[in-house]
Amino acid sequence: ECTFEPTLTTNRDDMARRADVDFTSSSVSSSSRVDLMLARHHATERKKQAQRDLKAAREDKECTFTPKVAAAALNHHEKTKRKDKRTVHERLYKQQQQRERSR
């Protein structure tokens with residue numbers, strides 16, 4: 001004769017215990033079950049997002065290097081600036097015309 005009785009715990013029962021709601025009773029409507037699960041989902045998502053934000057803030061705080069690219073980019077731009085203001089198409093067309101004349 002077997003005297004062992006397993007205790008079955010499902011997610012639904014755990015959630016009901018935490019919420020003090022008996023999902024198996026007929027007094028709880030399906031819409032309130034949905035509302036409860038949806039509220040828990042939103043709370044979990046907010047918690048996850050707060051953790052992501054905290055992690056990102058910690059990583060940003062650890063970064064101490066700040067490159068000064070604006071000044072370097074301006075210097076490079078000034079050095080490489082073309083004298084004529086023609087578009088690439090106009091410039092290449094003019095070059096080709098000069099090559100054809102020199103033949």
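Okay, so accessible area here is what the Shrake-Rupley method gives with a 1.4 Å probe. Keep that in mind, and keep in mind too that what you see is a predicted model. By that method, the chain exposes about 10,000 Å², and carbon and sulfur atoms supply 54% of that area.

Now the layout. The chain has four helices and zero strands. Walk along from the N terminus and you read α-α-α-α.

Let's zoom in on helix α2, which covers residues 30–62. Which residue does K48 form a salt bridge with? The partner is E45, and the closest N and O atoms of the pair are 3.8 Å apart. That falls inside the cut-off, so it counts, because a salt bridge needs the nitrogen within 4 Å of a carboxyl oxygen. Both K48 and E45 sit in α2, three residues apart, which is about one turn of the helix. Search the whole structure and you find one salt bridge, so hold on to that pair, because a salt bridge is defined by that 4 Å limit.

Are these two buried, exposed or partly exposed? K48 has 38% relative accessibility, so it counts as partly exposed. E45 comes in at 32%, and that makes E45 partly exposed as well.

Methods. Residues are numbered from 1 along each chain as its sequence is written. This is a predicted model: local features need pLDDT of at least 70, side-chain atom pairs count only at pLDDT 80 or more; totals for chains, interfaces and linings use all residues. Side-chain values use heavy atoms; hydrogens and water are left out. Helices (H or I, at least four residues) and strands (E, at least two) are DSSP runs, numbered from the N terminus. A salt bridge is a side-chain nitrogen of Lys or Arg within 4 Å of a carboxyl oxygen of Asp or Glu. Buried means under 20% relative accessible area, exposed over 50%, partly exposed in between (1.4 Å probe, protein chains only).
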